[in-house]
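Please read the following report alongside the sequence and the structure, which are shown here before the discussion begins.

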Amino acid sequence: MTAHYITGLDIGGTKIAATLAGRDGLLQRQTQPTVLSGTEQALPQQCIAMIDAMCAAAGVPPAQVCAVGIGSTGPFVQRDGLLALASPNLCGRQSGASDLPNDWDAVPLQQMLLSRFEQVVMCNDAVAALNAERFFGAVQTEDHCAYVTWSTGIGFGLCVDGRILHGKHGNAGHAGHMLMTDASDARCGCGNRGDVESLVSGRNLARRHGRDTAALFAAARARSPEEYALVAEAARWLGRALYNVTAMLDTRTFVIGGGIWQHHGDWLRPLLLQELAGRLPALTAEVRLIDAELGSLVGDIGALCQVMPTEWVTHWRATRPWES
Ligand SMILES: [Zn+2]
């Protein structure tokens with residue numbers, strides 16, 4: 001199959017970003033608020049409409065789009081052998097908070113897109129980001145690595161022996177929902193209390209503190225005692241999660257992205273490293289934390305990477321078209 005054009009969908013609980021790409025680079029990018037009402041078909045219909053709109057804007061016949069790569073908020077479930085979205089950020093029946101305007105159980109995304117496109121590959125958004133950093137970013141030559149996003153939520157993508165892990169339903173890397181403590185009333189959107197995301201994510205910290213995430217982290221950076229204590233505790237929990245991943249997978253490099261890390265990684269990094277330092281040195285001595293390189297494009301490129309022809313990858317590595 002010769003690919004003429006491919007599209008990527010980066011699907012979050014609040015926003016969908018869609019990209020259209022050809023061999024020489026990105027042609028179109030559109031964002032829309034995620035449709036969360038109507039039937040379970042509403043969100044896939046929105047995705048198809050966004051792809052059609054991009055094709056129209058670029059003058060590309062939709063029939064020449066042969067593949068769709070998706071990075072989405074997870075987790076996924078299987079329906080009729082295909083992956084459906086069962087994220088608590090999208091589906092009312094999966095949400096512990098039940099503040100969503102729908103009663104969706106699972107969104108049949110792969111099935112509906114396959115009715116229009118020849119190839120549809122989807123993975124968790126942090127796994128997509130790991131793909132992007134493996135293809136074009138900070139860990140192109142590191143076979144023992146994990147991507148971590150520290151943002152409104154927490155996400156992990158895992159790579160062992162050069163292979164990105166997927167799991168039985170594409171849910172490998174949901175380490176943000178690892179349980180850390182019973183002694184916390186912090187609650188995650190998944191319904192868990194005391195899991196990593198409940199203790200660490202920007203949204204949950206802000207909610208517990210009753211203020212805006214950016215203001216909370218700015219105050220913590222300025223060493224305002226109450227805010228600093230809350231954020232430093234969160235950093236220690238995340239550092240401990242990195243230790244746990246290292247203990248399981250013998251990871252060497254964590255490549256970290258997400259809005260909070262982009263703005264505050266400089267002073268949070270030592271707090272995370274403290275939780276690795278000295279613990280089981282045979283496992284942790286070589287562990288390093290590095291910054292993601294693709295920044296705000298990591299979601300778009302991660303979605304595209306999953307369906308990008310090998311020949312394009314070589315070409316994009318040489319020309320870095322996303323930088324122009
Ligand atoms: Zn959770």
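Predicted model: local features only at pLDDT ≥ 70, side-chain atom pairs only at ≥ 80, totals over all residues.

A second salt bridge joins Asp300 to Arg29, with 2.6 Å between the closest N and O atoms. A search of the whole structure finds 14 salt bridges, and the two pairs described here are listed below.

| Salt bridge | Closest N and O atoms |
|---|---|
| Asp300 and Arg29 | 2.6 Å |

The protein chain is assigned two domains, with domain 1 made up of residues 5-128 + 296-323 and domain 2 of residues 138-292. The C-alpha centres of domain 1 and domain 2 are 25 Å apart, and contact between them involves 16 residues of domain 1 and 17 residues of domain 2. About 1,200 Å² of area is buried between domain 1 and domain 2, and carbon and sulfur atoms account for 53% of that area. How many salt bridges are counted between domain 1 and domain 2? The count is zero, while one residue pair in polar contact, with both residues at pLDDT 80 or more, is found across the interface of domain 1 and domain 2.

The zinc ion has as its protein donors His177 through ND1, Cys188 through SG, Cys190 through SG and Asp195 through OD, at 1.9 to 2.3 Å from the ion. Along the chain, these donors follow the spacing H-x10-C-x1-C-x4-D. The site of the zinc ion is tetrahedral, the angles among its four donor atoms being 102 to 117°; this assignment follows because four donors count as tetrahedral if all angles lie between 85 and 135 degrees. For four tetrahedral donors, the ideal angle at a metal is 109.5 degrees.

Conventions: Residues numbered from 1 in each chain as written. Heavy atoms only, no water. Donors = N, O, S within 2.8 Å, 3.2 Å for Na, K, Ca; no water. Tetrahedral: all angles 85-135°; square planar, octahedral: opposite > 155°, others 65-115°. Domains from an automatic or database assignment. Contact = heavy atoms within 4.5 Å. Buried area = accessible area lost by both parts, 1.4 Å probe. Salt bridge = Lys/Arg side-chain N within 4 Å of Asp/Glu carboxyl O. Polar contact = N/O pair within 3.5 Å; in protein donor to acceptor, adjacent residues only side chain to side chain.
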